[in-house]
Amino acid sequence: MLLLATLETSGCLAFKTEPAPTPPIPIPNWDEYKFQVQKMVDALVERDRRLATMQTSAVMEYTAGDQHLKAKEDLVVRRPGDLRVEAMSPFGVALLLAAQGPDLAIFEPGQNRFMRGQANADTLYRYVRIPMAPTDVVGLLMGLAPPAFSIGGNIDSVSKDGAMAVAIYGNAAAGTRQLGFTSGNLALVRETANTGQVNYEVRYSDYHDIGGMMFPYLVDATFPAAGSHVTFRYLRPIVNGVVPDSTFVLTPAPGATMINISLDLDDEGAVSNES
């Protein structure tokens, strides 16, 4: 102890204690907030792995320009891109749409008209003003992020929109893709071009527990560039049921008018009959 005291007081053997480095001061709670948002995205990734099919009746409301339609529909979707929509009228089936693999078919029983084309965004845009490929439509209906979002990677940034936590991928120069969460559930999917134009925005709400999985009963999708809007209110969705391949195959009725909707539109905006 004497030796230590001598060393501490000696002018010849003086030791200076360097001050500890001051840690950088982060934006309050920013890292923790981003961590919490990442956890919600991770839960969405896990939900993506668990969901394979969905079947439900739904009330659909569609608006595009001066067109407005409200109808009851039966929906069947199977990942990655198989889709069947059966729209009802007071007189029975008004329309059948089915997509499987590269093929899409539409049958209008009232006019005995059978249309077919490629299962891509261009075909759906021409017929229903929804510029999405069937794979993205399937994700939209099931409350999942479109494949192009690549949510398995890192979030570029996060923000708040009221009570909604938002994960942002990309930037203003290249365009952004956003996922919004409320109470841990997916509430928003939005894609914005580098011009600032929103390509589409989908909002989810009215979540219910289905066999241990929270599932939205209300899907509200807006396509500003296409000028269309569609909502689906699900009645009794069933997830991960077995769906046979034949569900997504339509066969034309005898004498049906055959139309290829992947052909170029004519000057009046109508598709040409097949030769």
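## Basis of the description

This is a predicted model, in which local features need pLDDT of at least 70 and side-chain atom pairs count only at pLDDT 80 or more, while totals for chains, interfaces and linings use all residues. Residues are numbered from 1 along each chain as its sequence is written, and side-chain values use heavy atoms, with hydrogens and water left out.

## Overall architecture

The chain holds four helices and 15 strands, where helices (H or I, at least four residues) and strands (E, at least two) are DSSP runs numbered from the N terminus. Of its 275 residues, 41% count as buried; buried means under 20% relative accessible area, exposed over 50%, and partly exposed in between (1.4 Å probe, protein chains only). Among contacts (heavy atoms within 4.5 Å) with a separation of 6 or more, 47% are accounted for by residues 24 or more positions apart.

A nonpolar core is taken here as a set of buried Ala, Val, Leu, Ile, Met, Phe, Trp, Tyr and Cys residues joined through side-chain atoms within 4.5 Å. The largest such core has 62 residues, of which L83, L140, L141, I151, L179, F223 and Y234 touch the most other members. Strand β12 (residues 213–223) gives this core its largest share, six residues. A second, separate core of seven residues includes A105, F107, L250 and A256.

Helix α4 (residues 134–142) is mostly covered, with eight of its nine residues buried; L140 and L141 are among these buried residues, as are P134 and D136. Leaving aside its neighbours within four places in sequence, L141 is in contact with M54, L75, V77, L83, F215, V219, F232 and Y234. Just after α4, G143 takes a positive phi of about 75°.

E73 is placed in strand β2 (residues 67–78). Beyond its neighbours within four places in sequence, E73 is in contact with T56, S57, A58, M60, V85, E86, A87 and F232.

## Aromatic rings

Three aromatic pairs are counted under a rule by which rings of Phe, Tyr and Trp (its six-membered ring) pair if their centres lie within 6.5 Å, with planes under 30 degrees apart counting as stacked, over 60 as edge-to-face and the rest as tilted. F107 and F114 form a tilted pair, 6.3 Å centre to centre and with 45° between the planes; F107 is buried at a relative accessible area of 11%, and F114 is likewise buried at 4%. The rings of Y200 and F223 also make a tilted pair, because their centres are 6.5 Å apart and their planes stand at 50°. This pair links distant parts of the chain, with Y200 in strand β11 (residues 198–210) and F223 in strand β12, 23 residues apart.

Charges also sit over rings, a term that requires NZ of Lys or CZ of Arg within 6 Å of the ring centre and within 35 degrees of the ring normal. The charged end of R129 sits over the ring of Y125, 4.9 Å from its centre, and K160 lies over the face of Y33 at 5.0 Å from the ring centre.

The structure holds eleven salt bridges, each being a side-chain nitrogen of Lys or Arg within 4 Å of a carboxyl oxygen of Asp or Glu. E108 and R113 meet in one of them at 2.6 Å, N to O, and R190 and E201 in another at 2.8 Å, N to O. The latter pair joins strand β10 (residues 185–192), which holds R190, to strand β11, which holds E201, eleven residues apart. R78, D82 and D245 are linked in a network of salt bridges.

D206 forms a salt bridge with R233 (3.2 Å, N to O), and the pair links strand β11 to strand β13 (residues 228–234), 27 residues apart. D206 is partly exposed at 35% relative accessibility, and R233 is partly exposed at 38%. D206 also has a positive phi of about 55° although it is not a glycine. Most residues other than glycine have a negative phi, and most peptide bonds are trans. N240, too, is not a glycine and has a positive phi, of about 60°; N240 is placed in the loop between β14 (238–239) and β15 (257–260).
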